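Here are some notes to read alongside the model. Take the points in order and find each residue on screen as you go.

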Amino acid sequence: MAASTRASGVPDRALSPLGQRLRVLLSSEHVVGDLRRYFGIGMPPGEAPFTGSRFEHLAGGGDRPEVADRITAEDLVAVQTLSVTVPAPVALDILEGRLGVRLSGLLHAIPRDIDMVDADAVVVADGSPTDQAWGLLCQQYGVNWVIAGKVLSRKRPRLLPVYDRIVRCAVGRPPSFWLALHAALRADDQALHRRLLELRQAAGLPRR
């Protein structure tokens, strides 16, 4: 193997700093086991998977067609599986008030059935409906960038992966996580994206 390539098969020179960190993480021999443990696959009787394993799939998912463009009570519960809570006044405004209407308009402009790797960068760029929805959530009292990001990840899990303090510690803090991840996934003929698909299959994770 050439010195400029690691176990993921992705050349270092093709990757940004975030991409290089992802390459290292995805090359670990523990990745498949960690995925299976997180999602409770092959777990001994009596042990429970991480609550976050239900985030995407709870109640059929936040991106199913009939609810994809509005934030529901089920979405707010799903966010709690990732150890954050939308403050009650904000939750009520989302479910019954003007905030929910404004967010629904923005969600309608964000593609639902596309993976980040296949989307145009403009979909997650500054000023996009995605960025506007994130900013609108962050403007609400008690809602920080982590909560806002997880709400949007619930609505568009294929397009907007979760980015919180734990993920930031692992992959760094680029000026725009979405744009940096988009570029990393598309680099070198989508090598990192293909590696992720291989790991999902190896771990036996369900496909949607």
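Which residues does lysine 155 touch, not counting residues up to four places away in sequence? Keep that in mind while we set the ground rules.

This is a predicted model, in which local features need pLDDT of at least 70 and side-chain atom pairs count only at pLDDT 80 or more, while totals for chains, interfaces and linings use all residues. Residues are numbered from 1 along each chain as its sequence is written, and side-chain values use heavy atoms, with hydrogens and water left out.

1. Start with lysine 155 itself. Its neighbours by contact (heavy atoms within 4.5 Å) are Gly62, Asp63, Val67, Ala68, Arg70, Ile71, Asp75 and Leu107, leaving aside residues up to four places away in sequence. Lysine 155 belongs to helix H7, residues 145–155. Helices here are DSSP runs of H or I with at least four residues, numbered from the N terminus.

2. Is lysine 155 buried or exposed? Lysine 155 is buried, because its relative accessible area is 0%. The cut-offs are under 20% relative accessible area for buried, over 50% for exposed, and partly exposed in between, using a 1.4 Å probe and protein chains only.

3. Now look at the polar contacts of this side chain. A polar contact is a pair of N or O atoms within 3.5 Å; within protein, one must be able to donate a hydrogen and the other to accept it, and residues adjacent in sequence count only if both atoms are side-chain atoms. A polar atom of the lysine 155 side chain lies 2.7 Å from the backbone oxygen of glycine 62. The lysine 155 side chain also reaches the backbone oxygen of arginine 70, at 2.8 Å.

4. Step back to the whole of H7. Ten of its eleven residues are buried, among them Val146, Gly149, Lys150 and Arg154. The cover over these buried residues includes H3, H5 (98–108), H6 (129–138), H8 (165–171) and H9. At the start of H7, a side-chain oxygen of asparagine 144 comes within 3.1 Å of the backbone nitrogen of valine 146.

5. Next, a helix pair. Two packed helices are described by the angle between their axes and the distance between the axes. Axes are lines fitted to C-alpha atoms, for helices over the stretch in contact, and angles run from 0 to 180 degrees between N-to-C directions. H5 and H6 pack at about 160 degrees, with their axes 9 Å apart. H5 is therefore roughly antiparallel to H6; the label needs an angle over 145 degrees, while roughly parallel needs one under 35. On the H5 side the contact uses Leu99, Arg102, Leu103 and Leu106, and on the H6 side Pro129, Gln132, Ala133, Leu136 and Leu137.

6. Compare that with H1 (residues 17–26) and H9 (residues 177–203), whose axes come within 9 Å and cross at roughly 25 degrees. These two helices are therefore roughly parallel to each other. Residues of H1 in the contact include Leu18 and Leu22, and those of H9 include Phe177 and Leu199.

7. Finally, check two backbone angles. Alanine 59, in the loop between H2 (31–38) and H3 (73–80), has a phi near 55 degrees, which is positive in a residue other than glycine. Serine 83, in the loop between H3 and H4 (88–96), likewise has a positive phi, near 70 degrees. Alanine 59 is partly exposed at 37% relative accessible area, and serine 83 is exposed at 71%.

Key. Angles under 35 degrees count as roughly parallel, over 145 as roughly antiparallel, 65 to 115 as roughly perpendicular and the rest as oblique.
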